[in-house]
Amino acid sequence: MSMTRKRRRLYFVMLGLLGLGAGTALVLTAFQDNIVFFFSPTEVAERHVTPDQRIRIGGLVEKGSVQKNGENISFSLTDLSKTMTVQYKGLLPDLFREGQGIVAEGRVDPSGVFIANEIMAKHDEKYMPREVADALKKSGRWKEGEPMPGDIRPGNAVSDGLKPTSETPVTPVAPAAPAAPQP
Amino acid sequence: MKIANAIFPWAAGLAVLLFAVGLPIALVTSPPDYQQGETVRILYLHVPAAVMGEMIYYAMASGSAAYLIWRHPMAGLVAKASAPVGAMFTALCLICGMLWGEPMWGTFWVWDARLTSTLIMFFIYLGYIALGDAFEDPERGDRAAAILALVGVVNVPIIKFSVNWWNTLHQPASLSLTKSNMSGEMLLPLFLMMGAYGMFYVTVLVIRVRSELLAAKIRNARMSQIAGNEAAQAIG
């Protein structure tokens with residue numbers, strides 16, 4: 001008798017967890033738009049964001065686009081298919097630089113320029129000592145902002161969601177041939 | 001409990017050893033990162049704390065399930081004893097993460113999916129501890145808390161995959177079973193610290209389960225004493 005009771009409790013717990021999991025999955029899918037932390041410039045263009053909406057946009061700081069005038073900064077933010085001009089006044093995080101993934105919070109003004117109140121830098125998932133980074137760059141096996149050599153997992157981006165879909169993973173250049181054995 | 005007593009000195013010894021070796025490597029001798037500089041050292045405290053917070057949650061939820069389904073008293077004790085340790089690791093993870101976020105991201109806190117779901121796990125830990133103590137009858141409290149632990153287990157995979165399912169400010173995982181985006185010199189202190197945290201958990205778990213067992217014994221002795229007194233009064 002107690003065996004069946006235990007059985008029943010087991011099924012009850014399993015069913016409960018299953019239902020809970022399914023419910024959570026539905027809720028999370030329904031609130032997808034509210035859970036994402038930022039939109040890419042392409043998504044902003046598709047969504048017709050009005051100037052009164054506070055949003056966050058994320059992308060890469062376009063190389064050569066940063067203009068500083070005292071505290072006023074302007075730069076282009078790109079997801080490599082669409083680009084937005086961002087204007088900001090204030091302090092920048094340490095990791096802010098050209099080619100870096102960042103997230104800006106603010107509004108789109110009627111002319112389409114993004115007026116940011118806050119800028120955050122995204123960090124990627126790569127960790128290595130400076131010497132290793134320098135050595136990899138020197139040998140041409142890796143450039144900042146690209147996947148690590150040898151890592152061919154698709155979608156393994158500096159910051160997932162920022163990368164263009166068309167980009168093919170960088171195949172590592174074979175290391176220099178070992179020195180010929182001494183006779 | 002026999003197994004626990006046997007592994008206890010080993011776990012405690014290993015925890016001390018791993019902290020003694022791991023901490024100096026993590027905080028002093030390991031190389032600074034090419035982007036973050038010295039700030040990378042926070043990672044060696046933060047990542048293992050996050051991993052432990054989630055692993056201990058799974059342990060707590062499994063213990064709670066075994067307690068609810070099979071009324072396994074030891075499983076219930078393990079779940080109960082794990083909760084404060086898991087809450088402590090989650091708090092450590094959140095605090096270290098905020099201290100890292102300020103210089104690197106430019107903000108202590110954002111409500112992105114990873115940070116929010118981790119905070120929710122911390123609150124579930126606290127809720128579990130509070131709920132277990134909220135009833136006159138300890139057994140009812142244990143059952144209510146066990147149900148909460150099972151409900152909250154849905155959140156843990158969300159923490160893990162939040163960085164893949166949604167875009168977040170938090171970076172995706174650097175490590176998986178098949179690949180690493182981290183250089184070997186940095187993996188060493190990371191793994192040492194993970195081992196140290198893990199052994200610390202085992203050590204504290206054994207101590208806490210032991211004291212819970214003792215507390216139960218004292219409760220039972222008191223109860224039988226009261227029952228004995230009442231019986232004596234009834235006769236006298």
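This is a dialogue on how terms are applied to two chains of a predicted model.

Tutor: The model is predicted, so local features need pLDDT of at least 70 and side-chain atom pairs count only at pLDDT 80 or more, while totals for chains, interfaces and linings use all residues. Residues are numbered from 1 along each chain as its sequence is written, and chains are lettered from A and ligands numbered from 1 in the order in which they are written.

Student: Why is A:Leu80 called partly exposed?

Tutor: Count other C-beta atoms within 10 Å, with C-beta placed from the backbone: 20 or more is buried, 12 or fewer is exposed, and in between is partly exposed. A:Leu80 has 17, so it is partly exposed. A:Leu80 sits in the loop between strand 3 (72–78) and strand 4 (83–89) of chain A. Its phi is near 75°, a positive value in a residue other than glycine.

Student: How do you know what span is expected of helix 4 of chain B?

Tutor: The expected span is 1.5 Å times one less than the number of residues. Helix 4 (residues 113–132) has 20 residues. From first C-alpha to last it reaches 28 Å, close to the 28 Å expected. Its buried residues include B:Leu115, B:Met121, B:Ile124 and B:Tyr128.

Student: What makes helix 3 and helix 4 of chain B roughly antiparallel?

Tutor: Axes are lines fitted to C-alpha atoms, for helices over the stretch in contact, and angles run from 0 to 180 degrees between N-to-C directions. Under 35 degrees is roughly parallel, over 145 roughly antiparallel, 65 to 115 roughly perpendicular, and the rest oblique. These axes come within 9 Å and cross at roughly 150°. That makes helix 3 of chain B roughly antiparallel to helix 4 of chain B.

Student: Which hand does that crossing have?

Tutor: Left-handed. The term applies if the near helix is turned anticlockwise from the far one by less than a right angle; clockwise gives right-handed.

Student: How are helix 4 and helix 5 of chain B oriented to each other?

Tutor: They pack at about 165°, with axes 8 Å apart. That makes helix 4 of chain B roughly antiparallel to helix 5 of chain B. The crossing of helix 4 and helix 5 of chain B is right-handed.

Student: What counts as contact there, and which residues meet?

Tutor: Two residues are in contact if their C-beta atoms, placed from the backbone, lie within 7 Å. In helix 4 of chain B they include B:Ile124 and B:Leu131; in helix 5 of chain B, B:Ala145 and B:Leu148 are among them. By class, the contact of helix 4 with helix 5 of chain B has seven nonpolar, four polar and one charged residues. Ala, Val, Leu, Ile, Met, Phe, Trp, Tyr, Cys and Pro count as nonpolar, Asp, Glu, Lys and Arg as charged, and the others, Gly among them, as polar.

How values were computed: Helices (H or I, at least four residues) and strands (E, at least two) are DSSP runs, numbered from the N terminus.
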